[in-house]
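Good morning, and thank you for coming.

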Amino acid sequence: MESPGKLCSNCNKNIDTNSYELHLIHCQRNTVFCSICNEGVLKNYLSNHILENHTCPYCHIQLDTSLDNHECPRRIEVCIYCLNEFEHANLFDHQRNCVNRTTYCEICRQHILNHLWPNHLSSRTCQPPRLPFKTNEELRQEVLSFIRK
Ligand SMILES: [Zn+2]
Ligand SMILES: [Zn+2]
Ligand SMILES: [Zn+2]
Ligand SMILES: [Zn+2]
Ligand SMILES: [Zn+2]
């Protein structure tokens, strides 16, 4: 049977009652408090903690707040028109131009204005053209070869 355990007053983890005292001493000795968010973190985990919680993956700046509060100008966003990725700071300028450009659609073989792209593939205008896959002459040859057999 597992012992019910006790919440460590230092790290808030559930600790086996039998080893609680020992854990607490050990825990307090090894825990430091993050100067940014005040969370108790294991000493050797602190640099990881800062990397994961307070370092922007885009601009690689160590923040003095939590990552959620950082509106990174270099975060990567996807252009809704061409679906390419851009840094947030450049996206607006890009989209202003992108909206008036066209992209060739492989399916319907038309040049589609980028601002129509998001809906284009599901729209009725995007239909594969009915190409004559065989010319009449090719068809005639095919029929002839069939008859000759
Ligand atoms: Zn603890
Ligand atoms: Zn922190
Ligand atoms: Zn950033
Ligand atoms: Zn674009
Ligand atoms: Zn199309």
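This is a predicted model: local features need pLDDT of at least 70, side-chain atom pairs count only at pLDDT 80 or more; totals for chains, interfaces and linings use all residues.

Let me begin with leucine 42. Apart from neighbours within four places in sequence, leucine 42 is in contact with Asn30 and Thr31, where contact means that the C-beta atoms of two residues, placed from the backbone, lie within 7 Å. Leucine 42 belongs to strand β4, which covers residues 40-42.

Residues are numbered from 1 along each chain as its sequence is written, and chains are lettered from A and ligands numbered from 1 in the order in which they are written.

Next, the loops. Asparagine 38 sits in the loop between β3 (31-33) and β4. Its phi is near 70°, a positive value in a residue other than glycine. Asparagine 38 counts as exposed because it has 8 C-beta neighbours inside 10 Å.

The loop between β7 (102-104) and β8 (111-113) holds arginine 109. Arginine 109 is not a glycine, yet it has a positive phi of about 55°. With 12 other C-beta atoms within 10 Å, arginine 109 is exposed. Isoleucine 107 also lies in the loop between β7 and β8. Isoleucine 107 is exposed, with 12 other C-beta atoms within 10 Å. Which residues does isoleucine 107 touch, not counting those up to four places away in sequence? They are Cys126 and Pro128. Proline 129 is 22 residues from isoleucine 107 along the chain, and their C-alpha atoms are separated by 8.2 Å.

Now to the two ends of the chain. Proline 4 is in the segment before β1 (6-7), and it is exposed, as 8 other C-beta atoms lie within 10 Å. Proline 4 and histidine 54 are 50 residues apart in sequence, and their C-alpha atoms are 35 Å apart in space. Helix α5 takes in residues 136-148, 13 residues in total. From its first C-alpha to its last, α5 reaches 18 Å, close to the 18 Å expected at 1.5 Å a residue; the expected span is 1.5 Å times one less than the number of residues. Helix α5 is hardly covered, for the count of buried residues in it is zero.

Finally, the whole chain. Its secondary structure comes to five helices and eight strands, in the order β-β-α-β-β-α-β-β-α-β-β-α-α along the sequence. The radius of gyration is 32 Å, well over the 15 Å that the globule rule gives for 149 residues, so the chain is more spread out than a compact globule. That radius is taken over C-alpha atoms, and the rule is 2.2 Å times the number of residues to the power 0.38. The C-alpha trace spans about 95 × 50 × 25 Å along its principal axes. Buried residues make up 4% of the 149 residues. Of the contacts with a separation of 6 or more, 8% are between residues 24 or more positions apart.

Technical notes: Helices (H or I, at least four residues) and strands (E, at least two) are DSSP runs, numbered from the N terminus. A residue is buried if 20 or more other C-beta atoms lie within 10 Å of its own, exposed if 12 or fewer, and partly exposed in between; C-beta atoms are placed from the backbone.
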